[in-house]
Amino acid sequence: MFTHDDRHQPIPRCGSTRLVFLEPDQETPLTCLHKNFHVDAAMARITEAPGDDTANAFNIDVRVNCADCGEPFRWIGLPCGYSPAQPMVSVNGLELRAPMAPQSAPDGFGQGGPGFRVDVLVPDPA
Ligand SMILES: [Zn+2]
């Protein structure tokens with residue numbers, strides 16, 4: 001059985017492992033002050049079937065990197081997975097996955113689709 005005692009260990013979170021990908025001629029994250037950013041966003045129209053004109057949901061995926069050193073930024077405080085009802089993040093914490101709706105859409109628009117959640121568990125050392 002897996003349990004977690006947060007009195008003795010840090011609480012594991014999505015994206016708590018830092019992954020840094022750098023080109024050989026770039027500054028290291030230790031010396032970079034992260035003053036400029038590159039935002040990569042992809043917007044998706046979700047339809048019932050391929051070829052349908054009417055979207056029944058929208059979703060945006062957002063990644064942010066330092067434009068100077070390339071270090072990716074991780075999202076803080078969101079659960080891991082995907083949900084049509086709330087923003088969530090990828091397991092490594094680097095991609096925001098957020099459902100969206102046009103301002104004029106009724107409450108509950110786009111929230112009937114599938115989703116998943118990944119919980120981080122730490123084995124009990126005892
Ligand atoms: Zn930087």
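Modeller: Happy to! The four donor atoms around the zinc ion subtend angles of 104 to 112°, so the arrangement is tetrahedral (four donors count as such if all angles lie between 85 and 135 degrees). This is a predicted model, where local features need pLDDT of at least 70 and side-chain atom pairs count only at pLDDT 80 or more, while totals for chains, interfaces and linings use all residues. Residues are numbered from 1 along each chain as its sequence is written, and side-chain values use heavy atoms, with hydrogens and water left out.

The protein donors are Cys 32 (SG), His 34 (ND1), Cys 66 (SG) and Cys 69 (SG), at 2.1 to 2.5 Å from the zinc ion. Donors here are N, O and S atoms within 2.8 Å of the metal (3.2 Å for Na, K and Ca); water is not among the atoms, so sites may look incomplete. Along the sequence, the donor residues follow the spacing C-x1-H-x31-C-x2-C. Cys 32 lies in the segment before strand E1 (37-47) and Cys 69 in the loop between strands E2 (55-66) and E3 (80-82), so this pair ties together parts 37 residues apart in sequence. Strands are DSSP runs of at least two residues, numbered from the N terminus.

How buried are these cysteines? Cys 32 has 8% relative accessibility and Cys 66 has 2%, so Cys 66 counts as buried; Cys 69 is buried as well. Buried means under 20% relative accessible area (1.4 Å probe, protein chains only). Finally, the whole structure has zero disulfides, a disulfide being a pair of cysteine sulfur atoms within 2.5 Å.

Methods. Tetrahedral: all angles 85-135°; square planar, octahedral: opposite > 155°, others 65-115°. Helix = DSSP H or I, 4+ residues; strand = E, 2+ residues; numbered from the N terminus. Buried < 20%, exposed > 50% of the residue type's maximum accessible area, 1.4 Å probe, protein only.
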